[in-house]
Amino acid sequence: MISIVLMLGGCASVFSAQLTRYQQWPDQTQGARYWVQPDAAQQNNLQFQTFSDAVRAALGPTGLVEAQSQKQARFIVHIEYGSEQTTEWRQQMVDPYFSGAFGGGFGYHRHWGGWGPGPVIETVPVEVNRVHLMVRIDDQSKQGQEVYRATAVTSARDNQLGAVMPYLARAVFEQFPGRNGQVVRVKYPLP
């Protein structure tokens, strides 16, 4: 699983996610109309409305156009999202003076050119929030057959569902429609 990461070289912030997609995308869909269909729990839900706007923005570059009603749409778009707390094991550097590394403590340490022990690296459990967005597209011209399903997943130390949703929506349509069964890692610079 990929995380929101700070790259050390220049301290540039980067959003990173894992994208899994399945597709049987039909030919000649440029300009075809779509409709975002909320399920019963998503009706009149402000959070869903905000996140579906992020999906609409990400759909724009695909060449699809939003319909004025469901009846006018060829494609029906379904959106699922959520966040769950989980534990991941991560490596981190620890200050050798406080970790006990000088006195036979645990971790990796080596000498840096005769200057004494180098960094101590420990693998520790970290509580993170696993945030996901799944988008499914059904083709009404093919009796509602599913033609696209993509799930983007990232993890963050804080529950940042709203902050990461525009990036997850963008990831779901990265190089759309892509290869069937493809799993890719996507990265975007953060402002």
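Predicted model: local features only at pLDDT ≥ 70, side-chain atom pairs only at ≥ 80, totals over all residues.
## Ground rules

Local features here need pLDDT of at least 70, and side-chain atom pairs count only at pLDDT 80 or more, while totals for chains, interfaces and linings use all residues. Residues are numbered from 1 along each chain as its sequence is written, and side-chain values use heavy atoms, with hydrogens and water left out.

## Helix H1

Let's start with H1, which covers residues 46-59 (helices are DSSP runs of H or I with at least four residues, strands are E runs of at least two, and both are numbered from the N terminus). Phe48, Phe51, Ser52, Ala54, Val55, Ala58 and Leu59 are its buried residues (buried is under 20% relative accessible area, exposed over 50%, partly exposed in between, with a 1.4 Å probe and protein chains only). These buried residues fall within an arc of 150 degrees seen down the axis of H1, so they line one face of the helix (the arc is taken over directions from the helix axis to the C-beta atoms). Leu46 and Ala57, on the other side, are exposed.

Strands S6 (residues 120-139) and S7 (residues 145-156) run antiparallel, joined by eleven bridges (strands pair if DSSP finds at least two bridges between them). Val131 has Thr154 in S7 as its bridge partner. Five residues separate the strands, and Gln143 in the turn has a positive phi of about 55 degrees.

## Salt bridges

The structure has seven salt bridges (a side-chain nitrogen of Lys or Arg within 4 Å of a carboxyl oxygen of Asp or Glu). One of them pairs Glu66 with Arg56, at 2.8 Å between the closest N and O atoms. Arg136, Asp138, Glu146 and Arg149 are linked in a salt-bridge network.

Methods
Expected span 1.5 Å × (residues − 1).
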